[in-house]
Amino acid sequence: MEKKGKLDIEELWEKDLQERYPENPAKEKEEYRNYDDPARDTVRKFYQENHRYQTLDFVLKKKEEFLKFDKREMTLWDAVDFLNTLVDDSDPDIDLDQTQHLMQTSEAIRADGHPDWFVLTGFLHDLGKVLCLFGEPQWAVVGDTFPVGCKFSDKIVYSEFFDENPDAKNGELNTKFGIYEENCGLDKVNMSWGHDEYLYHIMKDYLPEPALYMIRYHSFYAQHRENAYAHLMDDNDKKMFEWVEKFNPYDLYSKSPTPPNVQKLRPYYEDLASKYLPDTLKF
Ligand SMILES: [Fe+2]
Ligand SMILES: [Fe+2]
């Protein structure tokens with residue numbers, strides 16, 4: 001029972017993203033002006049916590065804790081099933097479960113004729129959310145990501161809440177480049193901790209570079225939608241972000257009214273996984 005509603009914020013976050021970045025901006029602008037929405041308050045509170053607690057120090061500690069991968073060893077499908085236990089108790093007819101979100105994303109990519117590693121990336125891109133099942137709070141799993149260790153951009157959603165982040169008052173960390181150098185490359189930059197960064201480290205030896213960028217930066221809206229951190233990127237990052245941008249619409253807008261037939265499609269994804277991934281993955 002404790003798990004019930006655990007990912008509520010995540011659905012709200014996704015809706016918030018769709019409102020911030022509508023697929024059809026002209027048509028949907030008006031709905032976005034609906035400020036009485038109680039869901040928006042929940043999202044605000046979520047970002048208030050996220051922005052307050054995601055400090056450089058916090059990120060470094062989480063990396064130390066989770067990049068040992070001593071929590072659990074699972075096949076890809078075990079991980080998908082494990083992630084799905086997050087919504088076991090939820091009302092089945094309100095929204096798609098995790099597996100369905102993953103499969104709708106990947107099936108939309110497949111329908112557009114993209115390479116198989118791109119399809120696989122769509123299928124696994126959110127598996128890092130298993131962090132929730134290891135007891136992590138939602139603000140440390142989902143939500144927009146952003147660099148820490150340098151100035152927080154005002155292009156980040158609800159950036160006013162960074163006033164409550166101690167790093168914003170730290171003279172070494174609150175400058176444009178902070179602890180980094182101009183165009184040093186994002187690999188040297190610490191991102192706020194969440195499912196993107198975590199899964200990147202799990203997958204980094206197995207998937208092609210564009211796939212790894214999609215996984216690692218898919219929630220980095222301040223860059224892939226707002227271009228607020230180009231000063232930290234090197235030329236390769238800039239090239240690779242074309243893939244991140246290509247991936248984003250599949251993540252945000254691929255919900256179709258008919259849920260995918262998970263059992264029927266499972267063999268295809270198991271084959272695909274065996275082409276790129278080892279039998280088991282360490283989380
Ligand atoms: Fe995600
Ligand atoms: Fe997603």
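What share of the contacts in the protein chain with a separation of 6 or more is accounted for by residues 24 or more positions apart? The share is 77%. The model in which these contacts are counted is a predicted one.

The overall dimensions come next. The C-alpha atoms of the protein chain fill a box of roughly 55 × 45 × 40 Å along the principal axes. For 283 residues, a compact globule would have a radius of gyration near 19 Å, and the 18 Å found for the protein chain agrees with that. Of the 283 residues, 40% are buried.

The secondary structure consists of 12 helices and 2 strands. Along the sequence, the elements follow the pattern α-α-α-α-β-α-α-α-α-α-α-α-α-β.

One helix pair can be followed in detail. Helix α1, residues 8–20, packs with helix α3, residues 38–53, at an angle of about 105 degrees, and their axes are 10 Å apart. Because angles of 65 to 115 degrees count as roughly perpendicular, α1 is roughly perpendicular to α3. On the α1 side, the contact is made by I9, L12, W13, K15 and D16. On the α3 side, A39, T42, V43 and F46 take part. By residue class, the contact of α1 with α3 divides into 6 nonpolar, 1 polar and 2 charged residues.

An α-helix has 3.6 residues a turn, so residues three or four places apart point the same way.

Is D196 buried or exposed? D196 has 24 C-beta neighbours inside 10 Å and therefore counts as buried, since the cut-off for a buried residue is 20 or more. Leaving out residues up to four places away in sequence, D196 touches G128 and T145, and also I215, R216, Y217, H218 and S219. L127 is 69 residues from D196 along the chain, yet the C-alpha atoms of D196 and L127 are separated by 8.7 Å.

Two residues stand out by their backbone angles. Most residues other than glycine have a negative phi. N183, which is not a glycine, has a positive phi of about 50 degrees. N183 is found in the loop between α7 (116–124) and α8 (195–203). It counts as partly exposed because it has 14 C-beta neighbours inside 10 Å.

The other case is N227, a residue other than glycine with a positive phi near 55 degrees. Its place is in the loop between α10 (221–224) and α11 (235–253). Why does N227 count as exposed? The reason is its 12 C-beta neighbours inside 10 Å, because a residue with 12 or fewer is classed as exposed.

Conventions
Residues are numbered from 1 along each chain as its sequence is written. Chains are lettered from A and ligands numbered from 1 in the order in which they are written. This is a predicted model: local features need pLDDT of at least 70, side-chain atom pairs count only at pLDDT 80 or more; totals for chains, interfaces and linings use all residues. Helices (H or I, at least four residues) and strands (E, at least two) are DSSP runs, numbered from the N terminus. Two residues are in contact if their C-beta atoms, placed from the backbone, lie within 7 Å. The radius of gyration is taken over C-alpha atoms; the globule rule is 2.2 Å times the number of residues to the power 0.38. Axes are lines fitted to C-alpha atoms, for helices over the stretch in contact, and angles run from 0 to 180 degrees between N-to-C directions. Angles under 35 degrees count as roughly parallel, over 145 as roughly antiparallel, 65 to 115 as roughly perpendicular and the rest as oblique. Ala, Val, Leu, Ile, Met, Phe, Trp, Tyr, Cys and Pro count as nonpolar, Asp, Glu, Lys and Arg as charged, and the others, Gly among them, as polar.
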